[in-house]
Each structure stands twice: as structure tokens, then as C-alpha cells.
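Please keep the model in view while reading.

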Amino acid sequence: MNLDFVLEDRRMTYYKNTYKNSKMWNGKTPIKNKTIIVYCQQGLGDTIQLLRYIPELKNLGCKVILHCQKELHCLIPYLCSDIIVIDKDDPNIPPHDYHILTMSLPFVVKKSKPLPYINIKEKADLSSHEGYKIGVCWEGGPLYEKNNVRNCPLINFKSIHDLPGICLFSLKKEFHDQNLLVGCDDFVIFGIQINDFIDTASLINAVDLVISVDTAILHLAGAMNKPTFGLLSNDSDPRWIINWYPSVRLFRQEDDWKSLIDKISAEILNINCLKNNV
């Protein structure tokens, strides 16, 4: 059974039931002094990607309610003030005039907030660590069926791990697939206590570079305008034909993960040498 299809079917069934008596905004009807709910129907990364349109939606003179995943609620104050946030799992939506799906925002709002559109100032204290600091994420969310393709066993990062003067930091809150850690008993990867996306963002702020296969972290780092290497599998989402963030470089898998990351390690070595004037 295709888990992606099942999840999407559940999402749309929930959406249709919840908003069956609600009008969808078409982008043409004036919404000044109206209340509009933005429903985040996709995953965490998709929502972070499309948050850039929320401030411009609000600038149209409407009151905005964001119906989104509770994991992302902590980020909204860093996006825009005066946004009401309700839990995506709560079907008891407040009174409103219209609703719109996040995936429709680029087509009806069109203009987006300039980068960085998530302005988080918190910064993890990594002063006890010397060297060029890289935040890494080798695993996606646990409910994404294509993770068997997207996930990258940590052992593939060995060529980066072994570079002189490099410190690796895990950007993961928790690990789901222990098989991805096979052969990495001698890997030294630092980290901080990560409880929410603010903790993740504070670590992103503190490192020199982010490398991620996980799109939630990739979108967050891009939204913060952080230098980032995005690792895309050979079956990546078609939306990555476009790079949504100028601070992000996309690296596409052609053969296997090891050969791709070996190429990246050579670039990191040059970056580190330039930083240290070697």
C-alpha cells in the first residue's frame, strides 16, 4: 500500500469535512476587513516553504488565522505579528469569511516576504567547539514513504567527517531508523538538546553550514537565509526543479550517496581552507 497516497487521502478527507461549509478565497474577491483561514494541508517542509506568503496576505487588510501543524506554531511569531494560530488537528475552526490552502497561496497572493522571512535571533552556544561547524541531517520524517530513497546512511558522510578542522552537529530531534547509523560507531557528532524548531533554528544560526536531506530542515535553513547544501535523491520532488532560496545549493544524486557526498567534501575542504587562509 502506498503510504503517501493514504496520508494524502486522509488529509483531503479531513479538509473537506472541516471546510465543507466554508468559502474558498479565489484571490479576486476583496478581503479587506475580512477574516481568512490558511489551511496547511501538506507536510512540515511544505508549510515552512509557503509561510513566506502569509505576511503579504495579511497586508491585503485581512485578519489571518493559520490552521497549521502544532510543531510549527513556535515559528509564527518570527514570521509576522498578529497571526492567530490554531492546531491543524483541531477541527473546531473559528468564524471566518474565507479559507485558502497553502499550496494555492503562490497563485493568488503571488508576492512573498523577502528573505530571510523567518527571523530567529537565538543562537546555540558552540563556543567550546573549534573548527568549521556543519549541521547535518541524514534522515527525513518517519511517515514519508520515499524515505527509503531520500534517507542517506550516515556512513556516507565519512569523507566530510574526516576532513581536518570539521565539527559535525546533528540537527535531528530524534532518530527513527537506527539502520542508518550502521558502521558509524567511531563517528563524533555533537549536538544540543532539541525540543522544538526554535532549538533547531538556534543550532542552524550557530553553525557555518547546513547539509540536509530532510526538507523541513532544508526549508527552515533556506527561510533563515543560511548557507545550506540540500541533498536531493534521484526521485526528489519536482518542485526542486526551482531553487527557492539563494542561500541554498542543491546537489542531486546521480549514482549513489557516497559519490555525491565525496564531491561535496572536496568543496567543503576548499571553503574551510579559504576561511582559515590556508
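How many helices and strands does the chain have? The chain has nine helices and ten strands. The model is a predicted one.

**Overall form**

- The radius of gyration is 20 Å, close to the 19 Å that the globule rule gives for 278 residues, so the chain is as compact as a globular protein of that length.
- Taken along the principal axes, the box filled by the C-alpha atoms is roughly 60 × 45 × 30 Å.
- Of the 278 residues, 48% count as buried.
- The chain exposes about 13,900 Å², and carbon and sulfur atoms supply 52% of this area.
- Among contacts between residues at least 6 apart in sequence, 71% join residues at least 24 apart.

**Nonpolar cores**

- In soluble globular proteins, nonpolar side chains tend to be buried together.
- The largest nonpolar core has 54 residues, and the members that touch the most others are Ile48, Ile54, Leu57, Leu66, Leu75, Ile118 and Leu220.
- Elements giving two or more residues to this core include strands E1, E2, E4 and E6, together with helices H2 (44–50), H3 (54–58), H7 (197–206) and H8 (215–223).
- Beyond its neighbours within four places in sequence, Ile48 is in contact with Leu72, Leu75, Tyr117, Ile118, Phe197, Ala216, His219, Leu220 and Ala223.
- A second, separate core of 25 residues includes Trp138, Phe157, Leu163 and Trp257.

**Aromatic pairs**

- The structure holds six aromatic pairs.
- One of them is the tilted pair of Tyr19 and Tyr39, with 5.5 Å centre to centre and 55° between the planes.
- This pair links distant parts of the chain, 20 residues apart: Tyr19 lies in the loop between helix H1 (3–18) and strand E1 (35–39), and Tyr39 lies in strand E1.
- Tyr19 has a relative accessible area of 4% and Tyr39 one of 1%; both count as buried because they fall under the 20% cut-off.
- Phe169 and Phe190 also form a tilted pair, at 5.6 Å centre to centre and 40° between the planes.
- This second pair joins strand E6 (residues 166–170), which holds Phe169, to strand E7 (residues 189–190), which holds Phe190, across 21 residues of sequence.
- Phe169 is buried, with a relative accessible area of 1%, whereas Phe190 is partly exposed at 31%.
- Tyr14, Tyr15, Tyr19 and Tyr39 form one aromatic cluster.

Notes. Residues are numbered from 1 along each chain as its sequence is written. This is a predicted model: local features need pLDDT of at least 70, side-chain atom pairs count only at pLDDT 80 or more; totals for chains, interfaces and linings use all residues. Side-chain values use heavy atoms; hydrogens and water are left out. Rings of Phe, Tyr and Trp (its six-membered ring) pair if their centres lie within 6.5 Å; planes under 30 degrees apart count as stacked, over 60 as edge-to-face and the rest as tilted. Helices (H or I, at least four residues) and strands (E, at least two) are DSSP runs, numbered from the N terminus. Buried means under 20% relative accessible area, exposed over 50%, partly exposed in between (1.4 Å probe, protein chains only). A nonpolar core is a set of buried Ala, Val, Leu, Ile, Met, Phe, Trp, Tyr and Cys residues joined through side-chain atoms within 4.5 Å. Contact means heavy atoms within 4.5 Å. The radius of gyration is taken over C-alpha atoms; the globule rule is 2.2 Å times the number of residues to the power 0.38. Accessible areas come from the Shrake-Rupley method with a 1.4 Å probe; for residues, only the protein chains shown count as cover.
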